[in-house]
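Hi,

Here is the structure I promised to pass on.

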Amino acid sequence: MALTFPVIASDGVVTVKSDYSVRETVARIKKDVAKKGITFFGVIDQADLGHKAGNKVLPSRLVMFGNPALGTTFITANPEAGLDWPVRVLVYQTADGKVFAAYSDFDWIAKRHGITSRKAQFEMASEVIQSITSAVKKP
């Protein structure tokens, strides 16, 4: 699956510019996750938590989901890989009003945990997250 939307990759983080608000970006990700039959674990509203703690935080939500059959294969290769599962996509707004969806690159995760025995599974996970984050781009 080849996707052609612009992404920025840096230090293991892949960032996709969204064409929607933070709220709509999260909704579109949740909808695509559900459509794919992936388990949805929840959303943490980091801005709300920050505001309650007295900090000014721009809109920021952490969306968590995953396929236990796939994700736990990484944990069986190295239990510390559980630090990176479930999958998390950070949806945030910058000071200039732009919205992004960011996630950990699966090749980087494999290297981080020294997992060399799950290449096909990491490739599948990469394809799935690219497909999910493509939902934040207008057709």
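Below is what turned up on a pair of helices and on the aromatic rings.

Just so you know, this is a predicted model.

Let's start with the helices. Helix α3 covers residues 68-77 and helix α5 covers residues 119-133; they pack with their axes 10 Å apart, at an angle of about 135°. That makes α3 and α5 oblique to each other, and their crossing is left-handed. On the α3 side the contact is made by L70, T73 and F74, while α5 brings in Q121, F122, M124 and A125. Sorted by type, the residues of this contact come out as five nonpolar and two polar, with no charged ones.

Now the rings. Searching the whole structure gives five aromatic pairs. One of the pairs joins F74 and W85: the ring centres are 4.5 Å apart and the planes sit at 25°, so this pair counts as stacked. F74 belongs to helix α3, whereas W85 is in the loop between α3 and β5 (87-93), so the pair ties together parts 11 residues apart in sequence. Both F74 and W85 are buried.

Y92 and F100 form another pair, with centres 5.6 Å apart and planes at 25°, so they are stacked too. Here Y92 is partly exposed, at a relative accessible area of 23%, but F100 counts as buried because its relative accessibility is 12%, under the 20% cut-off.

One last thing to look for: ring pairs link F74, W85, F106 and F122 into a cluster. Two of its members, F74 and F122, also take part in the contact of α3 with α5.

Cheers

Conventions
Residues numbered from 1 in each chain as written. Predicted model: local features only at pLDDT ≥ 70, side-chain atom pairs only at ≥ 80, totals over all residues. Heavy atoms only, no water. Axes fitted to C-alpha atoms, helices over the stretch in contact; angles between N-to-C directions. Helix = DSSP H or I, 4+ residues; strand = E, 2+ residues; numbered from the N terminus. Parallel < 35°, antiparallel > 145°, perpendicular 65-115°, else oblique. Left-handed = near helix turned anticlockwise from the far one by under 90°. Contact = heavy atoms within 4.5 Å. Nonpolar A, V, L, I, M, F, W, Y, C, P; charged D, E, K, R; others polar. Phe/Tyr/Trp six-rings, centres within 6.5 Å; stacked < 30°, edge-to-face > 60°. Buried < 20%, exposed > 50% of the residue type's maximum accessible area, 1.4 Å probe, protein only.
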